[in-house]
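Trainee: I've got a model open and would like to learn how to read helix packing. Could you walk me through it?

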Amino acid sequence: MAMTKQSFALTITVMTHLWGPATIRISGDESVSGQILATPGGGVEFHFPERIVMVANHQIYTDWLYLWWISYANRPGMHGHIYIILKESLKYIPFIGTGMMFYGFIFLSRKMATDQPRLAYRLNKLKQKKVDPLGKTYLDPMWLLLFPEGTNLSRNGRKKSFQWAEKNGLKDPDHVMLPRSTGIFFCLNELKDTVDYVYDCTVAYEGIPRGKYGEEIFGLASTYFEGRPPKSVNLYWRRFRIADIPLHDQRQFDIWLRDQWYNKDALMEEFLHRGRFPALTGAKAEYVETEVRTRYPWEILQIFTVVGIAGLMWHNLWKVLSTISAKAGIVL
């Protein structure tokens, strides 16, 4: 299954490179200093750990494609070990929904009474220790991606965020929606003994005017079929040590998470004003600018590995069945 995830990541990388090209501009604060490096030839290499929880604001439906590509650009590559928490309605999309279920993605109904047992079951699998042939225990690599806002930014989502803020006496951010804390609070408490860091990405797209919504301008159809991808995708990274996050108290965690989203809102305001996020801390260049692409042109051929293995297995199985049937006098 990890191999098929890798193949899918390579496929969407090539598709984006050919049909939805955009400049990827990356920066981050001092917490990720030295972990985002430009490579010869205009590429980028990330040095994030093999097990992280990744959170991001949700601007448009294709956010997850760019973040999946980040897992590919990591060293070591994590594109076969990414797990995404999604709203339940997405699993009913023909073919795609079924594929995401096989990939081990986690679907939530936004009702914690229903979601908690499902989350606990899936997270328990992701934190199980295994034993290698030498008797040493280890954990499988895991990048768990979730969007605490619950859905992408839209007029309806913006309205709900405002109503929730007004009802609870909170400040409603201008460029992001107030995050939902219950799900991520549960996830982090379940994983805190097997994961050390939360990596936070603030995502912004060039070409979305102030007061407008990305879903109205950039979608799957416009990006891949109508020749209207965003001119640039801007990513600003921060890292938080899980040991420093107040996971002992739901209310304190709610305040902490909301403060991080207010910080995101300030970053989005700076982007809208300057057309850039703050520069990369502790690096020679202010930003790493690259594009969604594979490291080598021939790398896409790897997607045929899974098909080839399946074909070889079927061929060998057919030979075995043919031999058995011939001895038994049965014609296949």
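Mentor: Start with handedness: α1 passes α2 in a left-handed crossing, meaning that the near helix is turned anticlockwise from the far one by less than a right angle, while clockwise would be right-handed. Helices here are DSSP runs of H or I with at least four residues, strands are E runs of at least two, and both are numbered from the N terminus. Mind that this is a predicted model, where local features need pLDDT of at least 70, side-chain atom pairs count only at pLDDT 80 or more, and totals for chains, interfaces and linings use all residues. Residues are numbered from 1 along each chain as its sequence is written, and side-chain values use heavy atoms, leaving out hydrogens and water.

Trainee: At what angle do α1 and α2 pack, and how far apart are their axes?

Mentor: Two packed helices are described by the angle between their axes and the distance between the axes. Here α1 (residues 2–19) and α2 (residues 63–73) pack at about 115°, with axes 10 Å apart. Axes are lines fitted to C-alpha atoms over the stretch in contact, and angles run from 0 to 180 degrees between N-to-C directions.

Trainee: Which residues in α1 and α2 meet?

Mentor: Contact means heavy atoms within 4.5 Å. K5, F8, A9, L10, I12, T13 and T16 in α1 meet W64, L65, Y66, W68, W69 and Y72 in α2.

Trainee: Now V32: is it buried or exposed?

Mentor: Buried is under 20% relative accessible area, exposed over 50%, partly exposed in between (1.4 Å probe, protein chains only). V32 is buried, at 0%. It sits in the loop between β1 (23–28) and β2 (36–39).

Trainee: What does V32 touch?

Mentor: Not counting residues up to four places away in sequence, V32 touches Y199, W237, R238 and R239.
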